[in-house]
Amino acid sequence: QVQLVESGGGLVQAGGSLRLSCAASGSIASIDAMGWYRQAPGKQRERVATITFGRITYYADSVKGRFTISTDNAKNTVYLQMNSLKPEDTAVYYCNAQKLRAAPRLDYWGQGTQVTVSS
């Protein structure tokens, strides 16, 4: 069982920056990957950025060069640094943790944090 608590969302002007944090607790030893997904009104949830235990990263094409995912293992925390924000980045951002070695694979989700980018 994994619990994820997100923070750092808010309202920002286009071109500004935000840093999202996600603190994991519980049975975290077998987590293989963590990341961020987002969902805008009327749209399907999409993967924004992920990082594996081996520090392999993935970024959606729409955020490459603007967002950076990182971890602080001592704090069991994953971050998403978001720079050069655009109005189309407006969404609820959800933290995700995956246990790929589980059968079946397990996914855990945070409660979501709102990011609103104004023009």
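1. A pocket here is an open set of grid points where a 1.4 Å probe fits, with protein on both sides within 12 Å along at least five of seven lines. With that in hand, the second largest pocket in this predicted model has a volume of about 160 Å³. It is lined by 13 residues, and those closest to its centre are Arg38, Lys43, Glu46, Glu88 and Asp89.

2. Do have a look at the make-up of that lining. In the second largest pocket, 7 of the lining residues are charged, 4 are polar and 2 are nonpolar.

3. Next, the largest pocket, whose volume comes to about 290 Å³. Its lining counts 16 residues, with Ile28, Ile31, Met34, Phe53 and Asn73 the closest to the centre. By class, the lining of the largest pocket holds 8 nonpolar, 5 polar and 3 charged residues.

4. Which strands each supply at least two residues of the lining of the largest pocket? They are strand 4 (33-39), strand 5 (46-52) and strand 7 (67-72).

5. Strand 7 and strand 8 (residues 77-82) run antiparallel and are joined by 6 bridges. Within this pairing, Phe67 stands opposite Met82 in strand 8.

6. Finally, please check the turn. Strand 7 and strand 8 form a hairpin, with 4 residues between the two strands.

How values were computed:
Residues are numbered from 1 along each chain as its sequence is written. This is a predicted model: local features need pLDDT of at least 70, side-chain atom pairs count only at pLDDT 80 or more; totals for chains, interfaces and linings use all residues. Side-chain values use heavy atoms; hydrogens and water are left out. On a 1 Å grid over the protein atoms alone, a cavity is a set of points where a 1.4 Å probe fits but cannot get out, and a pocket is an open set with protein on both sides within 12 Å along at least five of seven lines; lining residues have an atom within 4 Å of a point. Grid points are joined across faces, edges and corners, and a volume is the space filled by probe spheres set on the points. Ala, Val, Leu, Ile, Met, Phe, Trp, Tyr, Cys and Pro count as nonpolar, Asp, Glu, Lys and Arg as charged, and the others, Gly among them, as polar. Two strands pair if DSSP finds at least two bridges between them.
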